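Hi there,

Here is the structure I promised to pass on. Please have a look at it first, and then read my notes below.

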Amino acid sequence: MRNDFPTLVIFGASGDLTKRKLIPALFQLLTEKLIPEHIKVVGFARREKTDEQFRAEMRDALSEFSRANPTAESELLQSFISRLYYQCGNYDDPQSFLKLSKRLSSLDEQQGLPGGSGNYLFYLSTPPSVFGLIAKQLKDAGLVCKPQDTDRWTRVIVEKPFGRDLQSAQRLNNELLSVLDESQIYRIDHYLGKETVQNIMAFRFGNSIFEPLWNAKYIDHIQITVAESVAVGSRAGYYDHSGAIRDMVQNHILQLLALIAMEPPASFEANAVRDEKVKVLTALRLYKGEEANTAVVRAQYSAGAIHKSHIPSYLEEHGVAEGSKTETYIAIKAFVDNWRWAGVPFYIRTGKALKERVSEISIVFKQPPLALFHHEHHDGHVEGDDMPANSLTLRVQPNESIRLNFGLKVPGPDMILDPNDMEFVYDEVFDTAPPEAYERLILNAMLGDSTLFIRNDEVEAAWTFVDSIIESWQHANAAKVHEYEAGSWGPQAADKLLANGGHRWLIY
Ligand SMILES: NC(=O)c1ccc[n+]([C@@H]2O[C@H](COP(=O)([O-])OP(=O)(O)OC[C@H]3O[C@@H](n4cnc5c(N)ncnc54)[C@H](OP(=O)(O)O)[C@@H]3O)[C@@H](O)[C@H]2O)c1
């Protein structure tokens with residue numbers, strides 16, 4: 001194991017993410033011996049707390065959320081808990097950061113290092129309003145080393161959301177880049193930590209059978225669905241200022257799209273991969289003014305039921321502004337205007353309070369040039385010309401799988417075809433549970449591998465596309481906000497969006 005593992009400092013350590021995800025992820029990495037036992041964690045937040053209180057809370061959190069399921073007597077658990085520390089402070093107070101610096105120095109010394117010479121990984125798990133301020137305070141307190149230093153390093157993980165439009169994202173990038181080098185900044189999109197999302201690259205570039213077909217010549221269109229079955233519930237106040245396009249499209253969905261559409265990178269090195277993703281994001285066609293009316297459908301859920309429980313309409317949720325136009329659903333017919341993808345629609349959709357929780361990407365291939373055979377419907381009805389096209393579906397969650405759908409001859413005297421799936425299901429093939437996204441991401445940041453983190457130009461390219469749509473909604477003739485019943489697959493207008501191109505959603 002490498003010997004340059006850092007002390008991890010979590011800002012916002014009194015929050016939900018720390019106890020649900022970050023501390024359990026660290027403990028899992030320890031359990032799997034992927035990080036050294038002596039690793040130390042300093043939690044920083046504004047509320048008063050002693051080390052002992054923080055330790056007790058994290059012990060409870062581990063018994064609730066850790067997938068390693070440690071017993072109270074576990075030596076590893078006890079040793080981990082004893083290396084958690086808590087520092088209370090204010091983000092606008094330089095003294096708080098000087099105190100933090102002293103604390104880190106004394107922890108370094110305990111470890112036999114000269115004070116202040118350790119490696120530090122700072123995790124910004126606070127509201128984004130203080131991301132820039134924390135970076136500046138770290139620098140002023142002497143806690144940021146130069147990127148070219150060879151004997152120690154500083155890295156900063158930045159949580160989402162990264163801005164709420166291009167301008168605020170640029171402002172945040174400028175704030176961070178005024179005190180840190182891009183190579184020291186690790187912007188999180190936890191989707192990239194998911195095993196199945198990483199497998200998109202492995203599947204495409206580690207195999208030779210599909211890549212020759214992966215272009216406008218053979219692919220008819222692509223569908224990306226990220227459906228959530230939960231309504232906004234207690235997050236309504238936050239969500240009403242965000243909406244589906246900011247919450248899901250700008251980050252997760254455009255990352256999926258970039259991985260599906262990118263050219264093979266020259267290597268799997270972080271910048272080589274991210275260079276290719278940026279090229280895709282900057283090739284996304286922007287929608288100006290009324291152009292968006294025919295390419296984008298936005299909607300809000302009305303009252304309905306999901307798994308038999310009643311869901312109030314979005315406008316009735318506590319915290320939603322009266323008459324709010326915030327979209328809880330969006331479908332976009334996007335185009336990547338480059339040589340490989342010219343004319344191929346990328347239909348993307350995401351929403352809350354939909355029928356099921358599922359994230360899937362389907363590559364729908366072109367029909368054979370001539371329909372020679374018949375297709376049999378499951379009700380036995382036979383038609384000549386509506387055989388579904390071949391499709392390849394990568395299911396990101398739940399029940400991670402890869403499914404290839406093709407037509408097969410139905411046994412019997414007639415030449416009739418029936419579409420069937422050939423399916424690979426992760427759980428059935430591999431008997432180890434895939435790592436949680438945060439485990440992979442924290443480990444990679446500790447190892448200095450930023451392949452699965454978002455670079456500044458990626459963020460800005462994604463916002464440029466998203467902003468073009470949000471701006472079109474300000475237009476006097478902007479298309480209306482549609483409605484869909486909670487528990488359905490979304491508004492009819494989104495079905496029409498595909499029907500206009502001769503397509504239909506594969507999940508409906
Ligand atoms: N929870 C998740 O699953 C999740 C998923 C994705 C992204 N995120 C992102 O991760 C970050 C942390 O999430 P979280 O769920 O842990 O958030 P949280 O519980 O709402 O907040 C984290 C901590 O930030 C501090 N805080 C609150 N308001 C603040 C302010 N105005 N200035 C400075 N500190 C403030 C609070 O600690 P003190 O009051 O003690 O300082 C709080 O415990 C956020 O940026 C969030 O968007 C979370």
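Let me start with a helix pair: helix 1 and helix 2 (residues 51-65) pack at about 85 degrees, their axes being 9 Å apart. (Axes are lines fitted to C-alpha atoms over the stretch in contact, and angles run from 0 to 180 degrees between N-to-C directions; helices, H or I of at least four residues, and strands, E of at least two, are DSSP runs numbered from the N terminus.) The two helices are therefore roughly perpendicular, a label for angles of 65 to 115 degrees. On the helix 1 side, Lys 19, Arg 20, Ile 23, Pro 24 and Phe 27 meet Glu 57, Met 58, Ala 61, Leu 62 and Phe 65 of helix 2, where contact means C-beta atoms, placed from the backbone, within 7 Å.

A word on the basis: this is a predicted model, in which local features need pLDDT of at least 70 and side-chain atom pairs count only at pLDDT 80 or more, while totals for chains, interfaces and linings use all residues. Residues are numbered from 1 along each chain as its sequence is written.

Helix 12 (residues 437-447) is mostly covered, with nine of its 11 residues buried, that is, having 20 or more other C-beta atoms within 10 Å of their own. Among the buried ones are Tyr 438, Glu 439 and Arg 440. Their cover includes helix 1 (16-31) as well as strand 4 (120-124), strand 5 (154-158) and strand 6 (185-187). Just after helix 12, Gly 448 has a positive phi of about 80 degrees.

Best wishes

Technical notes: A residue is buried if 20 or more other C-beta atoms lie within 10 Å of its own, exposed if 12 or fewer, and partly exposed in between; C-beta atoms are placed from the backbone. Two residues are in contact if their C-beta atoms, placed from the backbone, lie within 7 Å. Angles under 35 degrees count as roughly parallel, over 145 as roughly antiparallel, 65 to 115 as roughly perpendicular and the rest as oblique.
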